[in-house]
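Dear colleague,

I am handing over the structure below, and after it you will find some notes on what was found. Please read them with the structure open beside you.

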Amino acid sequence: MLPDRWLSGPISRRQSAIVGVIVVTVLVATPSVLFGLVAVGGDAVPGSGGVEAGDYTVTYEENATSGHTPTIDLGDDEVFASQQSGVIVVSDDREIWTVGVHEEVLEHKGDATVEVGGIGWSETVHAERTGWEVLGNGTAYVVDLEANGETTRSFESEPVRAATRIDGHTIHVVPATDGFRLRVSRDGSRIGEAAIPNADETTRAGEVRFTTREGDAGVRVFATIDGTTVQIAEREEYSTGDDSNRIDLV
């Protein structure tokens with residue numbers, strides 16, 4: 001409560017500044033307090049592609065629910081039930097569930113490094129995204145996590161269908177353990193599948209010939225059949241710069 005003399009007459013500029021600092025401090029601290037009053041559930045680690053870093057698990061997932069439950073009744077469980085996408089850091093021992101790198105950041109930068117630790121130790125986990133923007137219908141992508149010299153495939157998106165059809169053929173870009181593949185179907189039946197070729201190379205899947213071309217506009221994949229050529233996908237490009245994303249969780 002403010003002193004009575006502050007309320008009984010004109011407030012000086014210095015007093016106003018102090019009040020402003022108090023208000024801002026409360027507004028900034030309140031969200032941290034609210035989300036600190038939670039316990040991590042036993043199934044808090046989403047997906048199956050997590051890597052261990054000390055007593056933390058780091059993983060990548062889309063639309064993951066935090067698994068947070070309030071330790072006191074705050075009257076609005078929906079605050080803790082929101083879905084999050086990105087590099088997720090979980091520690092049951094420390095009752096921590098947080099998004100280390102948001103999906104949009106990794107999509108823009110392509111990679112990021114998360115550092116976690118405790119008293120006297122720290123470990124890093126490097127996340128790398130690779131993807132293909134499929135013409136007219138979203139992006140097929142994967143996320144790999146590197147920790148302790150080992151790389152783990154943490155996430156693969158669903159196959160993405162190209163909006164363009166060629167001579168009745170439907171083409172999907174499919175994430176795979178060895179890269180990305182092109183799946184060709186017609187009338188609901190799969191005809192063939194092949195890996196996306198390297199730049200300036202060609203491959204075939206069924207009746208469709210696929211060619212990858214690299215130019216000033218980027219790396220693009222084209223499908224050709226009976227003299228007709230259409231673009232299928234373009235490789236994601238990422239911004240350059242500092243890729244670190246330090247999380248001090250002690």
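To begin with a loop, glutamate 95 has its place between strand E5 (83–91) and strand E6 (96–102); please bear in mind here, and in what follows, that this is a predicted model. The phi of glutamate 95 is near 55 degrees, which is a positive value in a residue other than glycine, and the residue is partly exposed, with a relative accessible area of 42%.

A positive phi, of about 55 degrees, is also found at aspartate 187, although it is not a glycine. Aspartate 187 lies in the loop between E13 and E14, and with a relative accessible area of 73% it counts as exposed, since the cut-off for that word is over 50%.

Strand E13 (residues 179–186) is joined to E14 by six bridges, the two running antiparallel, and arginine 183 stands opposite glutamate 193 in E14.

Lastly, there is the second largest pocket, with a volume of about 200 Å³. Its lining has 14 residues, of which Trp132, Ile196, Pro197, Asn198 and Arg235 lie nearest the centre, while strand E8 (121–134), E13 and strand E16 (208–215) are the elements that give two or more residues to it. By type, the lining residues divide into seven nonpolar, four polar and three charged.

With kind regards

Methods. Residues are numbered from 1 along each chain as its sequence is written. This is a predicted model: local features need pLDDT of at least 70, side-chain atom pairs count only at pLDDT 80 or more; totals for chains, interfaces and linings use all residues. Side-chain values use heavy atoms; hydrogens and water are left out. Two strands pair if DSSP finds at least two bridges between them. Helices (H or I, at least four residues) and strands (E, at least two) are DSSP runs, numbered from the N terminus. On a 1 Å grid over the protein atoms alone, a cavity is a set of points where a 1.4 Å probe fits but cannot get out, and a pocket is an open set with protein on both sides within 12 Å along at least five of seven lines; lining residues have an atom within 4 Å of a point. Grid points are joined across faces, edges and corners, and a volume is the space filled by probe spheres set on the points. Ala, Val, Leu, Ile, Met, Phe, Trp, Tyr, Cys and Pro count as nonpolar, Asp, Glu, Lys and Arg as charged, and the others, Gly among them, as polar. Buried means under 20% relative accessible area, exposed over 50%, partly exposed in between (1.4 Å probe, protein chains only).
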